[in-house]
Amino acid sequence: MPSASDPKNRVTVAADADLLDRARGAYLGLAVGDALGATVEFMTPREIRATFGVHARMRGGGWLKLRRGQVTDDTTMSLALGEAVIACGRVDAEAAARAFDAWMRAKPVDIGNTVRRGLLHFRRTGETEAPPSEHDAGNGACMRCLPVALATLGRSDGEVGAAVRAQAHITHNNPLSDAACECVVRMVQCALGSSPCIVVELHGLARELVDCHPEFEFRRRQPRENPSAYIVETMQAVFQALFDTDGFEACLVDVVNRGGDADTTGAIAGMLAGARDGAKAIPYRWVRALDGETRAACERQARALIAVSGV
């Protein structure tokens with residue numbers, strides 16, 4: 001049995017602790033970004049400035065009239081998917097669809113039209129893949145993809161891609177949605193590896209997405225303000241905030257103050273910045289303000305999904 005004093009063992013323990021901190025950072029970052037952004041969802045940047053100056057505090061409210069620290073469908077769908085993955089030990093489309101259906105039956109605080117339509121299709125037909133549609137390029141599959149990233153860490157590109165599409169196609173069967181989901185999953189997994197060149201590598205993955213789908217170009221345009229639920233606008237806002245700020249807090253404040261679909265841009269930026277910077281980088285005032293059950297579920301699932309991956 002390796003000794004705790006063995007230098008090799010100490011390195012392994014430290015690496016495991018760093019991986020877990022980054023996984024926790026991704027999950028808590030998702031929830032924090034969701035809760036922070038929900039307050040200003042559907043507001044314009046000008047309206048946010050007039051109301052709050054700079055929105056940087058957990059307040060609740062918003063059009064959903066949430067409690068302070070309460071999350072929306074971005075986080076609750078992720079947790080529903082995470083539970084299904086943990087129970088199966090893998091990403092399974094039918095288990096995910098059943099988990100989403102149970103989530104919808106529980107009357108969540110919010111649900112997108114494409115998600116609702118996809119889950120009603122599953123109820124009627126039992127099919128776990130919605131019909132392909134050029135109109136389903138929303139951000140609803142990408143916002144909940146974190147459990148896939150954690151559970152498939154260390155797997156082949158083919159396995160990761162199949163898992164990404166298995167959960168996404170339940171509600172969103174669209175090439176732009178697929179491409180963004182796979183990009184975000186790969187970026188989370190890259191960040192979990194804590195490479196010394198992590199910023200360069202993350203930027204490279206974003207550029208790969210743009211090379212394949214030029215619609216996502218985020219450098220040759222003005223800052224993407226008031227982003228809609230269209231996955232292209234969502235990712236443009238997220239990439240600009242992620243790459244043009246310094247640290248987790250600055251990234252999240254930047255992206256949610258752009259308004260629009262701010263809970264989802266906040267959730268996606270939060271999972272990416274949290275994976276990059278780790279849980280310790282998330283302001284404690286934000287983590288403390290999160291709904292307690294949500295916070296505990298995020299912490300537990302981060303550990304359990306890394307265990308599913310087997311790394």
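The dialogue below turns to helix pairs and then to a pocket.

Modeller: This is a predicted model, in which local features need pLDDT of at least 70, side-chain atom pairs count only at pLDDT 80 or more, and totals for chains, interfaces and linings use all residues. Residues are numbered from 1 along each chain as its sequence is written, and side-chain values use heavy atoms, with hydrogens and water left out.

Colleague: How is the packing of two helices described, and at what angle do helix 8 and helix 12 pack?

Modeller: Two packed helices are described by the angle between their axes and the distance between the axes. Helix 8 (residues 175–192) and helix 12 (262–277) pack at about 25°, with axes 7 Å apart. Helices here are DSSP runs (H or I, at least four residues) numbered from the N terminus; axes are lines fitted to C-alpha atoms over the stretch in contact, and angles run from 0 to 180 degrees between N-to-C directions. Helix 8 and helix 12 are therefore roughly parallel (angles under 35 degrees).

Colleague: Which residues of helix 8 and helix 12 meet?

Modeller: Contact means heavy atoms within 4.5 Å. V184, M187, V188, A191 and L192 of helix 8 meet I268, M271, L272, A275 and R276 of helix 12. By class, this contact has 9 nonpolar, no polar and 1 charged residues (nonpolar: Ala, Val, Leu, Ile, Met, Phe, Trp, Tyr, Cys and Pro; charged: Asp, Glu, Lys and Arg; polar: the others, Gly among them).

Colleague: What is the handedness of the crossing of helix 3 and helix 14?

Modeller: A crossing is left-handed if the near helix is turned anticlockwise from the far one by less than a right angle, and right-handed if clockwise. The crossing of helix 3 and helix 14 is left-handed. The axes of helix 3 (residues 73–88) and helix 14 (residues 292–309) come within 10 Å and cross at roughly 40°. By class, the contact of helix 3 with helix 14 has 8 nonpolar, 5 polar and 2 charged residues.

Colleague: Which residues lie nearest the centre of the largest pocket?

Modeller: On a 1 Å grid over the protein atoms alone, a pocket is an open set of points where a 1.4 Å probe fits, with protein on both sides within 12 Å along at least five of seven lines; lining residues have an atom within 4 Å of a point. Of the 22 residues lining the largest pocket, G112, N113, N139, A229 and D261 lie nearest its centre. The lining divides into 7 nonpolar, 9 polar and 6 charged residues, and helix 5 gives the largest share, 3 residues.

Conventions
Helix = DSSP H or I, 4+ residues; strand = E, 2+ residues; numbered from the N terminus. Parallel < 35°, antiparallel > 145°, perpendicular 65-115°, else oblique.
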